[in-house]
Amino acid sequence: MKTNGHPWAVVIFACRESPLQLRRTLEAALRSAAHCSVVHLLVNGNPTLADALAAELRLRQGALELPPASPDLKVWSIPLADKANAWNQYLHRLWAGEEITFFVDGYVRLNPDAVTLLGNVVAANAQALGGSGVPTMGRSAKAIRETMILNTGYHGNFCCIKGDTIGQMRAKQIRLPVGLYRTDSLMGAILSYSLDPSTHVWDDVRIQVHPTASWQIDAAKWWRMNDLQAFFRRRLRQARGELEKAAFSEHLAKRRRVPAELPDTTKELVSAWVTTCPEDYKRLARKHFLTAKALESFRTPRGMRPADLEPELVFSHESATTA
């Protein structure tokens, strides 16, 4: 643990980013987390990217602009391309007792003060189980930011969970269903119910939002074919997300079942909801024209054997400023 820093950790989820984009994300995270203990980079389902980055880091320590008092850096390769599984792997395997862990998407460049701003307010709030930054870029950023500041929220681009809460999640065997798109929505709901909707009501105070802890992202260029394709894929994923949200809301809010009883996969979760609540599914299908196609797209992810889900350490750099 750092002798001159916080016992905090940062986790970056990566999958489809380019090596350049991921290096920029990592450099920004290291600057923002300069006084934290460790930064974990979890590359999901892309061993070529993980190995290339690890090789570059081994050959040229200067490939990343490491601050003088930098955190330790660990790069992990996970065979399965799935963010929910990456959440599970960190919570149940990689977390080493840090007091707060921050979670960042692989295309997000944290502002230099983001980790400190969010970490300090979350640490100071005894009621908070976790926290979230707010977006400042994108057409919907202003509306999302204002809603989060007023009503709280949990933004997957940059959020955090206290270590005590992670310890409880381990003890309760809480995991996200593999294949989930709405990872941040479900995690935010779990925190808002204090991990157990059977004994707690939803309470917004359990997630601390900081109004200026934020990040940068690359703007989409609509004249590029890749960005147009990404737009249509995102619309389908959003339709999937509406099905997921309805299914886990039924589980947590209506049936008041504990998160540990969620199915292992999102396909099982949504299929059970459609069977149990056919009229709710029909209402959703009438509102969203991609709903039927989204339902057909659910698949059990390949590589569901335990060994295919676990992270492999491909690079490790220990700072000189460790105890």
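Predicted model: local features only at pLDDT ≥ 70, side-chain atom pairs only at ≥ 80, totals over all residues.

## Helix pairs

Helix α1, residues 19–32, and helix α2, residues 47–59, have axes that come within 11 Å and cross at roughly 60°. Angles of 65 to 115 degrees count as roughly perpendicular, and α1 and α2 are therefore oblique to each other. Their crossing is right-handed. On the α1 side the meeting residues are Pro19, Leu22 and Arg23, and on the α2 side they are Leu49, Leu53 and Glu56. Sorted by class, this contact of α1 with α2 holds 4 nonpolar and 2 charged residues, with no polar residues.

In the other pair, helix α9 (residues 266–276) packs with helix α10 (residues 278–287) at an angle of about 105°, and the axes are 5 Å apart. The two helices α9 and α10 are therefore roughly perpendicular to each other. Trp273, Val274, Thr275 and Thr276 of α9 meet Pro278, Asp280, Tyr281 and Leu284 of α10. By class, the contact of α9 with α10 consists of 5 nonpolar, 2 polar and 1 charged residues.

In soluble globular proteins, nonpolar side chains tend to be buried together. The largest nonpolar core of this model has 48 residues, and those with the most contacts inside it are Leu42, Trp87, Tyr90 and Phe103. Helix α3, which spans residues 83–94, gives the most to this core, namely 6 residues. Another core, of 35 residues, lies apart from it and has Val115, Leu118, Phe158 and Trp215 among its members.

Which residues are in contact with Leu42, once its neighbours within four places in sequence are left aside? They are Val11, Ile12, Phe13, Ala14, Trp76, Ile78, Ala86, Tyr90 and Leu94.

## Residues in and after helix α3

Leu91 is found in helix α3 and, at 2% relative accessibility, counts as buried. With neighbours up to four places away in sequence left aside, Leu91 is in contact with Phe103, Ile166, Met169, Arg170 and Met187.

Trp95 is found in the loop between α3 and β4, the latter being residues 100–105. Its relative accessible area is 13%, so Trp95 is buried. Leaving aside neighbours within four places in sequence, the contacts of Trp95 are Tyr90, Thr101, Gly163, Ile166, Gly167 and Arg170. Ile190 is 95 residues away from Trp95 along the chain, and the C-alpha atoms of the two are separated by 18 Å.

Helix α7, residues 183–192, is mostly covered, with 8 of its 10 residues buried. The buried residues are Thr183, Leu186, Met187, Gly188, Ala189, Ile190, Leu191 and Ser192. Met187 is also one of the residues in contact with Leu91.

Most residues other than glycine have a negative phi, and most peptide bonds are trans. Against this background, the backbone angles of a few residues deserve a look. After α7 comes Ser194, whose phi is positive, near 55°. Leu195, although it is not a glycine, has a positive phi of about 75°. Leu195 is found in the loop between α7 and β8, residues 207–209, and at 2% relative accessibility it counts as buried. Thr152 is likewise not a glycine and has a positive phi of about 70°. The place of Thr152 is in the loop between α5 (141–151) and β7 (158–162).

## A residue of helix α1

Arg24 lies in helix α1 and is partly exposed, with a relative accessible area of 35%. Not counting residues up to four places away in sequence, Arg24 touches Arg109 and Asp218. The C-alpha atoms of Arg24 and Asn88 are separated by 25 Å, and the two residues are 64 apart along the chain.

The accessibilities of several residues are set out below.

| Residue | Relative accessible area | Class |
|---|---|---|
| Trp95 | 13% | buried |
| Leu91 | 2% | buried |
| Thr152 | 18% | buried |
| Leu195 | 2% | buried |
| Arg24 | 35% | partly exposed |

How values were computed
Residues numbered from 1 in each chain as written. Heavy atoms only, no water. Axes fitted to C-alpha atoms, helices over the stretch in contact; angles between N-to-C directions. Helix = DSSP H or I, 4+ residues; strand = E, 2+ residues; numbered from the N terminus. Parallel < 35°, antiparallel > 145°, perpendicular 65-115°, else oblique. Left-handed = near helix turned anticlockwise from the far one by under 90°. Contact = heavy atoms within 4.5 Å. Nonpolar A, V, L, I, M, F, W, Y, C, P; charged D, E, K, R; others polar. Buried < 20%, exposed > 50% of the residue type's maximum accessible area, 1.4 Å probe, protein only. Core = buried A, V, L, I, M, F, W, Y, C linked by side-chain atoms within 4.5 Å.
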